[in-house]
Amino acid sequence: WCSPLNAISISQAIYEELCSLDPENCDYYTNNRDNFKEELLNLHNTFTEIVENAENKTVVFADRFPVKYFTEEYGLSHFSAYHGCSAEAEPSASKIAELANKVNSEKIKGVFYIEFSNEKIADIICEETNCEKYLFHSCHNVSKSDLENGETYISIMNKNAENLRKVLN
């Protein structure tokens, strides 16, 4: 779901199910699906433009790594403190040093952390490399205040785009 093109496929499946369950309102669902698809395509174009014009095409996640489809979609090299999303393991000191070396050797301007992270690993790497840390929201979770403030998948992913632009340029 962090890939806007995957989100199009997911929303299409939801649309089809809604129309089958509630055919009287299928026109309403069609309009919403079409509008959402347009927003997702705009988002996809934004990410494509950011990566195509990037000085660097490597991202470092000083956290768990739930955005594999995203990095594959846009041709980004990626390195992370954790192999995947598991909360069962902690990265070793050598893994953190490896990420800091990657940041320094490739002159990466920032490292990412995900929502609800304690940000400790990002802080360590930033302290060692003098780079910045940025949120890359995996869209797995939103806080109550995010919901109350009207955050949506599109608004969250637009913030991800802003942060990606800062790191890659």
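The axes of helix 2 and helix 7 come within 10 Å and cross at roughly 5°, the axes being lines fitted to C-alpha atoms over the stretch in contact, with angles from 0 to 180 degrees between N-to-C directions. Helix 2 is therefore roughly parallel to helix 7, a label for angles under 35 degrees, whereas angles over 145 count as roughly antiparallel, 65 to 115 as roughly perpendicular and the rest as oblique. The model is predicted: local features need pLDDT of at least 70 and side-chain atom pairs count only at pLDDT 80 or more, while totals for chains, interfaces and linings use all residues. Residues are numbered from 1 along each chain as its sequence is written, and side-chain values use heavy atoms, with hydrogens and water left out.

The residues that make the contact (heavy atoms within 4.5 Å) are tabulated here.

| Helix 2 | F36, E39, L40, L43, T46, F47, E49, I50, V51 |
| Helix 7 | Y153, I154, M157, N158, N160, A161, L164, R165, L168 |

By class, this contact of helix 2 with helix 7 comprises 12 nonpolar, 3 polar and 3 charged residues. Here Ala, Val, Leu, Ile, Met, Phe, Trp, Tyr, Cys and Pro count as nonpolar, Asp, Glu, Lys and Arg as charged, and the others, Gly among them, as polar.

The largest nonpolar core contains 44 residues, and F70, V111 and L164 have the most contacts inside it. Such a core is a set of buried Ala, Val, Leu, Ile, Met, Phe, Trp, Tyr and Cys residues joined through side-chain atoms within 4.5 Å; buried means under 20% relative accessible area, exposed over 50% and partly exposed in between, with a 1.4 Å probe and protein chains only. Among the elements that each supply at least two residues are helix 1 (4-21), helix 2 (26-52), strand 1 (58-61) and helix 7 (153-168). Helix 7 gives the most, with 8 residues. Leaving aside neighbours within four places in sequence, F70 touches C2, F47, L76, F136, M157 and L164.

In strand 1, T58 and V60 point one way and V59 and F61 the other, and all are buried. Strand 1 runs parallel to strand 2 (residues 77-80), joined to it by 4 bridges; strands pair if DSSP finds at least two bridges between them. The bridge partner of T58 in strand 2 is S77.

Overall, the protein chain has 7 helices and 4 strands, which are DSSP runs numbered from the N terminus (helices H or I, at least four residues; strands E, at least two). Buried residues make up 44% of its 169 residues.
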